[in-house]
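Biologist: Pick one part of this model and take me through it slowly, please. I'd like to hear what it packs against, and then what else is worth a look elsewhere in the chain.

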Amino acid sequence: MTSSEAHTQRIPPFVSLGSARSFAGMGSAPVRGENHPNPAAGVASFASVSRETSSAGKTNVIDTMDDSSPIARELAHETKRRERLVGRELPKPDKTRVFTVSNQKGGVGKTTTTVNIAAALAAAGLNVLVIDIDPQGNASTALGVEHHADVDSIYDVLINDFPLADVVAPCPDISNLICAPATIHLAGAEIELVSLVAREQRLRRAIDVYAKTRAKNGEERLDYIFIDCPPSLGLLTVNAFCAAGEVLIPIQCEYYALEGLSQLLKNIEMIQKHLNADLVVSTILLTMYDGRTNLAAQVASEVRQHFPDQVLGAVVPRSVRISEAPSYQQTVMTYDPSSSGALSYLEAAAEIAER
């Protein structure tokens, strides 16, 4: 897929998902290298199927679905989950909610969670900013935002006092979603921050100034800000903790993830005591869940037992579609909105918004 083709993709918001019943008869998503269907056309076809199946005297697809096999049961379950999302409008928060998405363990789905939840909320009509402070720049890649060495980035905001308004760029695939990209220069920012005044508060101040700039220019207030952190607990992550009011922790459903969680919580407690008393761990999302293994179920059960109020009901499964999407510089929301991974992140986004 060419860059221009990728940029034409659009995600339908919650109110335009069409009837979930129509997903039951939907073909599989296109494989890598094939052209993706136009989501707008997909919505129209979903609505058409919905009208046909819901007409008087005709039987619904769900009612006739054979659930005698595991695949059929899974399909019926997904269809019902989609039905619950149809027509849902997400409420705007009273004030901007700032999330730091953090876990010092790598490979747990921090960036994937950041970009897909942000995309889902933006698709629902909310104004969302993603701040990428990971030197790898993966969130910038997934959102289709340039982040080569010559681009002004969040590095310039933290080190050179650039206004955040000068570095943010719109996501080409999704309206209402903007991104402050990361470049490779961030790799040395940890050392450069050490000697700077108020080094832990620089990102927070930049966000505050940006909010005032938007208000002065007559732009709408941001509803959500998501800060994607590197897999470490250095000064970049400390800046993110100081700038946020809430922490979103993605946890891979494996044993090592539990060990990493305890250390992360200790560091958050230190931030709360000394730098940001308002910071709370509000959300935990279980990722890479494999329902075929007892280990995943045990880890999920243990996390829910210890954090009953923080763990989301939505669980993100292992999904090839989620892994493929960044290679097309897209989120899974635009790459394959009919996939189980996209459905899970839509559910997670709705749950976060309604808390």
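Modeller: Let's start with contact, which here means heavy atoms within 4.5 Å. Helices (H or I, at least four residues) and strands (E, at least two) are DSSP runs, numbered from the N terminus. Keep in mind that this is a predicted model, where local features need pLDDT of at least 70 and side-chain atom pairs count only at pLDDT 80 or more, while totals for chains, interfaces and linings use all residues. Residues are numbered from 1 along each chain as its sequence is written, and side-chain values use heavy atoms, with hydrogens and water left out.

My pick is helix H9, residues 202-216. Its 15 residues reach 21 Å from first C-alpha to last, close to the 21 Å expected at 1.5 Å a residue (that expected span is 1.5 Å times one less than the number of residues). Arg202, Leu203, Ala206, Ile207, Tyr210 and Arg214 are buried in H9, meaning under 20% relative accessible area, with exposed being over 50% and partly exposed in between (1.4 Å probe, protein chains only). Looking down the axis of H9, the buried residues fall within an arc of 130°, so they line one face of the helix; the arc is taken over the directions from the helix axis to the C-beta atoms. On the other side of H9, Arg205, Lys212, Ala215 and Lys216 are exposed.

What does the buried side of H9 pack against? Its partners are the strands S2 (128-132), S4 (177-180) and S5 (224-228), together with the helices H7 (154-160), H8 (189-193) and H10 (235-243). Just past the end of H9, Gly218 takes a positive phi of about 75°.

Elsewhere, look at the salt bridges, each a side-chain nitrogen of Lys or Arg within 4 Å of a carboxyl oxygen of Asp or Glu. The structure holds 10 of them. In one, Glu246 pairs with Arg97, with the closest N and O atoms 2.9 Å apart. Glu246 sits in strand S6 (246-252) and Arg97 in strand S1 (97-101), so the pair ties together parts 149 residues apart in sequence. Both Glu246 and Arg97 are buried. Another bridge joins Glu254 and Arg318 at 3.0 Å, N to O. Here Glu254 is partly exposed at 31% relative accessible area, and Arg318 is partly exposed too, at 45%. Finally, Lys92, Arg221 and Asp223 are linked in a network of salt bridges.
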